[in-house]
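User: Hello! I would like to learn how to read aromatic contacts in a protein structure. Could you walk me through an example?

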Amino acid sequence: MNVHGACHCGYIQFKAVVDPETVTVCHCTDCQTLSGTAFRITALATRSSFELKTGKMAIYEKPADSSVVRALTFCPKCGSSIYSTGHNDPSADLRIRTGVLNEKSALPPRQQIWRRSAVNWLSSLQEIPGSERQ
């Protein structure tokens with residue numbers, strides 16, 4: 001699926017091809033901390049399908065529990081996360097953060113990982129009163 005994305009401030013803009021079957025909710029504590037929320041959702045894209053249209057991303061390198069170093073890219077101006085990938089691995093696929101995609105509504109999650117770290121209130125979220133706008 002062709003997708004288009006941008007960071008919050010618009011400095012980073014890109015396009016890519018993602019596989020809708022790979023959309024994953026990650027509940028690991030790294031994703032919770034780095035996203036500032038309860039989980040993060042990603043879609044897999046090949047590196048060759050990713051085209052940076054504008055800007056230059058910053059990179060933060062973080063060892064995973066497996067000791068594999070992950071490169072996490074983000075906008076240096078607004079901090080929006082763009083994707084993660086294997087550190088110094090030009091063949092590694094990209095895990096694009098679906099929150100920065102224009103097409104995010106068409107990419108429902110297909111799987112969840114790190115469920116043991118999921119926050120305990122997540123399953124009751126739909127029961128909480130809400131409003132269409134603030």
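**Reading aromatic pairs**

Analyst: Happy to. Keep in mind that this is a predicted model.

User: How is a pair of aromatic rings described?

Analyst: A pair of aromatic rings is described by the distance of the centres and the angle of the planes. The count here comes to two aromatic pairs. In one of them, Phe 14 and Phe 50 are stacked, with 5.0 Å from centre to centre and 25° between the planes.

User: Where in the chain do Phe 14 and Phe 50 lie?

Analyst: Phe 14 is in strand 2 (residues 13–17), while Phe 50 is in the loop between strand 4 (40–45) and strand 5 (51–54). The pair links distant parts of the chain, 36 residues apart.

User: Is Phe 50 buried or exposed?

Analyst: Phe 50 is buried, at a relative accessible area of 15%, because the cut-off for buried is under 20%.

User: Why is the pair of Phe 50 and Tyr 83 edge-to-face?

Analyst: The ring centres of Phe 50 and Tyr 83 are 5.1 Å apart and the planes stand at 75°, so the pair is edge-to-face; the angle needed for that is over 60 degrees. Phe 50 lies in the loop between strand 4 and strand 5 and Tyr 83 in strand 8 (residues 81–86), so this pair ties together parts 33 residues apart in sequence. Tyr 83 is buried, as is Phe 50.

User: Which residues form one aromatic cluster?

Analyst: Phe 14, Phe 50 and Tyr 83 do.

Conventions: Residues are numbered from 1 along each chain as its sequence is written. This is a predicted model: local features need pLDDT of at least 70, side-chain atom pairs count only at pLDDT 80 or more; totals for chains, interfaces and linings use all residues. Side-chain values use heavy atoms; hydrogens and water are left out. Rings of Phe, Tyr and Trp (its six-membered ring) pair if their centres lie within 6.5 Å; planes under 30 degrees apart count as stacked, over 60 as edge-to-face and the rest as tilted. Helices (H or I, at least four residues) and strands (E, at least two) are DSSP runs, numbered from the N terminus. Buried means under 20% relative accessible area, exposed over 50%, partly exposed in between (1.4 Å probe, protein chains only).
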